Amino acid sequence: MTQLRIAVLSQNPELYSTRRIVEACRARNHDPIVIDPLRCYMNITSHQPRIYYREKALDDFDATIPRIGASVTFYGCAVLRQFEMMGVYSLNESVAITRSRDKLRSLQLLSKKGIGLPITGFANSTKMTDNLIDLVGGPPLVIKLLEGTQGVGVVLAETRKAAESVIEAFRGLKANFMVQEFIKEAAGADIRCFVIGDKVVASMKRQAPDGEFRSNLHRGGSASVIKITPEERSTAVRAARVMGLNVAGVDILRGSHGPLVMEVNSSPGLEGIENATGKDVAGLMVHFIEKNAKPGKTRTRGRG
Ligand code: ADP
Ligand code: MG
């Protein structure tokens, strides 16, 4: 295998996931460098588009591994897109990341492809609160901010009154949110499927602590290994493909009629999944790049 120069786009080299990716690149004799996308600047020209970092032009990269934080999606994706315009292969493409960061847009695309989803409503007008609540089958229901992560901005409203107050509060803050049927039978658990290419390479069950319905590990959820069903496996792979992501963390609720996709993450964390399963997920990501990175092979090149 020829050595690849790999740009890991991350704001923090100390993060577990970033460290593991760098380690996995080195273990396979590649040449990784961590680049903070916020410290890059670029020149957008038709002749020779470039990216500069610490006064130097970044060139000769074979691939990028984007690990762009949710709070810096806009600029991070602009930098990633610039790499793509230069013909550098990206493990996840900028358009796919932008798409997946908007929960509503994601669900619309997934629904079009017939993937199981919790019933979800969205409205702009304050006059439609009642209709929204009825649309998802009445309380209990879940209200979530469109751009939240790690469980922040996800609220369970057990009564119609509670739902009305939360919706009113979010509206007052001019926040975009959606209203979703509460999947009670999931019992505070969800399944994280880590997809690379067309395979689920690792999966774990996350269980919320007592008294909490959100299973996010950042909210005190606990992870354990789980055997997923063939239907869950194919749902996760299809969801990642619909979003256009080569690497994705697909979160699934076990509904009484089958798997329901809650969200598709474009920078799934490695710490929880590697610790729960003992698998070298970072190594598998690098392996995928080895198989797929060829100069100019970024599909978005020139399309954005
Ligand atoms: P975030 O992006 O903040 O992680 P999620 O949509 O993944 O937001 O929701 C956080 C957690 O809340 C999920 O992992 C799940 O445990 C729980 N949850 C979210 N939506 C529902 C739902 N419709 N029914 C039951 N539980 C839900
Ligand atoms: Mg989540």
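Modeller: What follows begins with the ligand and then moves on to ring pairs, loops and a helix.

This is a predicted model, in which local features need pLDDT of at least 70 and side-chain atom pairs count only at pLDDT 80 or more, while totals for chains, interfaces and linings use all residues. Residues are numbered from 1 along each chain as its sequence is written, chains are lettered from A and ligands numbered from 1 in the order in which they are written, and side-chain values use heavy atoms, with hydrogens and water left out.

The shell around ligand 1 holds 21 residues, of which Lys103, Lys144, Gly151, Asn216 and Glu263 come nearest; here a residue is near a molecule or strand if one of its heavy atoms lies within 4 Å of it. By kind, these shell residues divide into eight nonpolar, seven polar and six charged, where Ala, Val, Leu, Ile, Met, Phe, Trp, Tyr, Cys and Pro count as nonpolar, Asp, Glu, Lys and Arg as charged, and the others, Gly among them, as polar. At least two shell residues come from each of β9 (141-145), β11 (177-181) and β16 (258-265); helices (H or I, at least four residues) and strands (E, at least two) are DSSP runs, numbered from the N terminus. Ligand 1 lies between domain 2 (120-182) and domain 3 (185-284), because both give residues to its shell, and the domain bounds come from an automatic or database domain assignment.

Some of the shell can be described atom by atom through polar contacts, meaning pairs of N or O atoms within 3.5 Å; within protein, one must be able to donate a hydrogen and the other to accept it, and residues adjacent in sequence count only if both atoms are side-chain atoms. An oxygen atom of ligand 1 and a backbone N or O atom of Gly151 are 2.6 Å apart. The side chain of Gln180 brings an N or O atom to 3.1 Å from a nitrogen atom of ligand 1, and the side chain of Ser215 places one 2.9 Å from an oxygen atom of ligand 1. The protein buries 98% of the 550 Å² that ligand 1 exposes when taken alone; such accessible areas come from the Shrake-Rupley method with a 1.4 Å probe, and for residues only the protein chains shown count as cover.

Let us turn to the aromatic rings. A pair of aromatic rings is described by the distance of the centres and the angle of the planes. Rings of Phe, Tyr and Trp (its six-membered ring) pair if their centres lie within 6.5 Å, and planes under 30 degrees apart count as stacked, over 60 as edge-to-face and the rest as tilted. The whole structure has four aromatic pairs. Tyr41 and Tyr52 form a stacked pair, because their ring centres are 5.3 Å apart and their planes lie at 15°. This pair links strand β3 (residues 40-43), which holds Tyr41, with strand β4 (residues 50-53), which holds Tyr52, eleven residues apart. Tyr41 is partly exposed, because its relative accessibility is 40%; buried means under 20% relative accessible area, exposed over 50%, and partly exposed in between (1.4 Å probe, protein chains only).

Phe61 and Phe83 make an edge-to-face pair, because their planes stand at 85° with the ring centres 6.1 Å apart. Since Phe61 lies in the loop between β5 (56-57) and β6 (63-66) and Phe83 in helix α2 (residues 73-85), the pair ties together parts that are 22 residues apart in sequence. Phe61 and Phe83 are both buried.

The backbone deserves a look too. Pro139 and Pro140 are joined by a cis peptide bond with omega about -5°, and Pro140 belongs to the loop between α5 (129-135) and β9. Asn29, although not a glycine, has a positive phi of about 65°; Asn29 sits in the loop between α1 (16-27) and β2 (31-35) and is exposed at 58% relative accessible area. Lys174, also not a glycine, has a positive phi of about 60° and is found in the loop between α6 (160-172) and β11, where Lys174 is exposed at 76% relative accessibility.

Finally, Ser100 is part of helix α3 (residues 94-101) and is buried at 8% relative accessibility. A polar atom of the Ser100 side chain lies 3.0 Å from the backbone oxygen of Ile97.
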